[in-house]
Amino acid sequence: MNILELHKLKGNTYYIDGVTTNIGVYQLTDNDVCLIDTGFANVGPRIYEILKENNWDLKYIINTHCHADHIGANKYLMNMYPNCQMITSQIERAFARDDKLDIGFLYGGYPLDCFDTPLMHIDEQKDILHLSKLPNGITSFRLKGHHYDMVGYKTSDDVYFVADAIGNKDTIYKEHILLIYDVQGYLDSLHMINSLNGNFIVPSHSEPTKNITELVKTNVAKINEIIDLILRLLETPRTLENLVKSIFDYYKIRISYNKLLLITSTVRSYLAYLYRLKLISTKFEDNYLYYYKITEKE
Ligand SMILES: [Zn+2]
């Protein structure tokens, strides 16, 4: 399949296979369309070309969440179409209005400049509409787990755009730990997506499909593998930094600022999940916070 080409899914719903991120296209009238996400900044000119080729005018950009691979080309396209308006959920609007908020959120304080890479950087966008302004034919639904207030979109053609609520198979095998903010929420979203089996489902980073069950299983299996690994590692009490290092070593992940930021944040979320399930506990020692697995007799 060609990359960065327009593909029809059903009725008025299309998508652009966008190198890293699928971009939804929904035709509102003969001439007007809206996009669901835009991909990284560098794909903006190609999206513009596709819109021109089809004599389409861009009315709305509807975003699932604020990450750079989803809103990166917003700015370019909104410059080309000055009447185009951006729409997303309440908290994602806040993230998209500030170029440092998401990095600060992941880092837990004012971030060192070296964390502000093109993968993470958000070009701030000021005027963003509420989800109540979605055009006719598109509805939103909450997708907990990956980011704070991520939403999915359903078009009138029964096509579901489910953003980063489900990981790409190759990425899971290669990178192992995908960014998760809320592990329970992520599992709940996977369960919900599985119940959509039979409809067209468009994950942001995998091919559109009507059979999502295998991919859901791959995602759940990796999460369970990570849970087992953390519990095994915490048979010895460890600090967060030590646990993260041990996970990098186990999966042979090469450390970088970007990976450290995303994986540390995700490991924190796994710890909160396991703590709530009473599978791990914490203790202070020597002014360090240690996490450890609760053994049967406790
Ligand atoms: Zn994302």
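What radius of gyration would a compact globule with 298 residues have, and what does the chain have? I looked this up: the globule would be near 19 Å and the chain has 20 Å, so the two agree. The radius here is taken over C-alpha atoms, and the globule rule is 2.2 Å times the number of residues to the power 0.38.

Before going on, I noted that this is a predicted model, where local features need pLDDT of at least 70, side-chain atom pairs count only at pLDDT 80 or more, and totals for chains, interfaces and linings use all residues. Residue numbers start from 1 along each chain as its sequence is written.

**Whole chain.** I found that the C-alpha atoms fill a box of roughly 65 × 40 × 35 Å along the principal axes. I got 10 helices and 13 strands; these are DSSP runs numbered from the N terminus (helices are H or I, at least four residues; strands are E, at least two).

**Domains.** I have domain 1 at 6-208 and domain 2 at 225-293, with bounds from an automatic or database domain assignment. Their centres, over C-alpha atoms, are 30 Å apart. Where they touch, 15 residues of domain 1 contact 13 residues of domain 2 (contact: C-beta atoms, placed from the backbone, within 7 Å). On the domain 1 side, α5 (101-107) and α7 (183-194) are the elements giving two or more residues. That side has 11 nonpolar, 3 polar and 1 charged residues. I wrote down the classes: Ala, Val, Leu, Ile, Met, Phe, Trp, Tyr, Cys and Pro are nonpolar, Asp, Glu, Lys and Arg are charged, and the others, Gly among them, are polar.

**α7 and α8.** Next I checked α7 against α8 (residues 213-233): the axes are 9 Å apart, at about 165 degrees. Axes are lines fitted to C-alpha atoms, for helices over the stretch in contact, and angles run from 0 to 180 degrees between N-to-C directions. So α7 and α8 are roughly antiparallel (under 35 degrees is roughly parallel, over 145 roughly antiparallel, 65 to 115 roughly perpendicular, the rest oblique). I see L187, L190, I193 and N194 of α7 meeting T213, V216, N219, V220 and I223 of α8. This contact has 6 nonpolar, 3 polar and no charged residues.

**α9 and α10.** Last, I looked at α9 (residues 240-251) and α10 (residues 257-276), whose axes come within 10 Å and cross at roughly 115 degrees. That makes α9 roughly perpendicular to α10. From α9, L240, L243, V244 and I247 meet I263, T264, V267 and R268 of α10. By class I noted 6 nonpolar, 1 polar and 1 charged.

Key: Contact = placed C-beta atoms within 7 Å.
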